[in-house]
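Please keep the sequence and the 3D view at hand while reading.

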Amino acid sequence: LFTDLCTGLAERGWRVFGSACNRGCRDEDKTYPRRIRWKGVEFLRIWRPRFRQASGLGRLANAAWMIVAWSLMAFDPRIHPDFVIMGTDPILSPVVTFAWRILRPRVRFAHWCHDLYPQAAIAAGLVRDGTYAVRAMQWLLGAAYRRQALIVDIGSCMRRRLEAYDTGACAETIPPWALAELQEPAPIDPTERQLLFGDARLGLLYSGVFGRAHSWAGLPELARALADSGGRIAFSVGGNAAEDLRKSMQESGVPVTFSPMVPGNRLVARLSAGDVQIVSLRENWTGTVVPSKFFGALAIGRPVLFLGSPDSAIAKWITELRVGWVLNPERIEQLARELTEWSESSDAKLQMFRQCHEAYQREFSRSRALDRWDRALRSLE
């Protein structure tokens, strides 16, 4: 996403420098050139030691290394930015503004908030709210937020949480775009369809990482209700909670399918196999993250079944844009009937696929998001 942001702003007339570390995210043996120019962007990569990103201490060491390195870039005579844009990977990245404000006081800052900390860590149960460490992190991030000229969130529920910091910065909501954008709704891939759903008339698919933030509440009951009318739920998952999901479904005895995640070159085929994409977020995580699966589903022309708070941005988009359903645990039988009736009409399915694809192009596409970034930054010039 940040590479797209860099190249997209370069296409719109900005001179852009991008900075990340020189190591692969999931394969730390893989390294990249320290300096390259690509699609109009000059990438200046930072060398870092081979700390293991998969371990807690390694991740903290990597975060500290990158934050210090980005702070020291304020001394770099090769770059003279008007704006510095940073995300939330690693956590505490916004504190880079402290060094830059001292060394380059005229530079303005924009923060694209994808994950809200320490709220996400509290929701995950990693830390307790109200502790000295949490309050120190909130104070530190609050001070960093107040030094931003622009704070970009990715959903209205996240915006409400950020407003508690009373930053005074300009605010904009720019959701992340899908990594795979199609010109029209994807046709159902027959091979993947058979693999995941067999001869089921209706297929609901959860595809992607299943972690601490995700919930399966209501899915066993929905799977049981759909089975009587020829519907089936399938999971193509990985992540730190995937095995818990598998055990829960096995214990419930409901007929569901599990399949490994697929590589990127098969992702569109896998996603297109389902009639409906399942997206979930535990209620206590509302506003700390916004699942990107929602945008990926609409981009290929598939409606979404959302398991989560009705106050979340995704629930509101589903209602406003009419691109799916929000699961209410008290109305599962009614939802099963509605899904079954919808699936029995090929015209209704095709119309919904088109409606979802059009909503994505109109509201969430990469070009629209980059245009909004361009306007937001130029409004601060």
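In this predicted model, strand 2 and strand 3 (residues 41–44) pair in the antiparallel sense over 4 bridges. Within this pairing, Arg37 has Glu42 of strand 3 as its bridge partner. The two strands form a hairpin with 2 residues between them, and Lys39, which sits in the turn, has a positive phi of about 50°. Lys39 counts as exposed, because its relative accessibility is 56%.

Which residues of helix 1 are buried? They are Leu5, Cys6, Thr7, Gly8, Leu9 and Ala10. The elements that cover these buried residues include strand 1, strand 2 and strand 3, together with strand 4 (83–86), strand 5 (108–112) and helix 15. After helix 1 comes Gly13, whose phi is positive, near 100°.

Setting aside residues up to four places away in sequence, Leu5 touches Ile85, Trp112, Trp177, Leu370 and Trp373. Leu5 and Asp374 are 369 residues apart in sequence, while their C-alpha atoms are 9.7 Å apart in space.

**The meeting of helix 1 and helix 15**

Two packed helices are described by the angle between their axes and the distance between the axes. For helix 1 (residues 2–11) and helix 15 (residues 366–378), the axes come within 10 Å and cross at roughly 65°. The two helices are therefore roughly perpendicular to each other, and the crossing of helix 1 and helix 15 is right-handed. On the side of helix 1, the residues that take part are Asp4, Leu5, Thr7, Gly8, Leu9 and Glu11, and these meet Arg366, Leu370, Trp373, Asp374 and Leu377 in helix 15. Sorted by class, the contact of helix 1 with helix 15 has 5 nonpolar, 2 polar and 4 charged residues.

**Backbone features in the loops**

| Feature | Value |
|---|---|
| Cis peptide bond, Asp89 to Pro90 | omega about 5° |
| Cis peptide bond, Tyr117 to Pro118 | omega near 5° |
| Positive phi, Lys39 | phi near 50° |
| Positive phi, Leu92 | phi near 70° |

Where do these residues lie? Pro90 is found in the loop between strand 4 and helix 3 (96–103), and Leu92 lies in the loop between strand 4 and helix 3 as well. Pro118 is placed in the loop between strand 5 and helix 4 (119–123), whereas Lys39 has its place in the loop between strand 2 and strand 3. Leu92 counts as partly exposed, because its relative accessibility is 24%.

Key
Residues numbered from 1 in each chain as written. Predicted model: local features only at pLDDT ≥ 70, side-chain atom pairs only at ≥ 80, totals over all residues. Heavy atoms only, no water. Axes fitted to C-alpha atoms, helices over the stretch in contact; angles between N-to-C directions. Parallel < 35°, antiparallel > 145°, perpendicular 65-115°, else oblique. Left-handed = near helix turned anticlockwise from the far one by under 90°. Contact = heavy atoms within 4.5 Å. Nonpolar A, V, L, I, M, F, W, Y, C, P; charged D, E, K, R; others polar. Pairing = 2+ DSSP bridges. Buried < 20%, exposed > 50% of the residue type's maximum accessible area, 1.4 Å probe, protein only.
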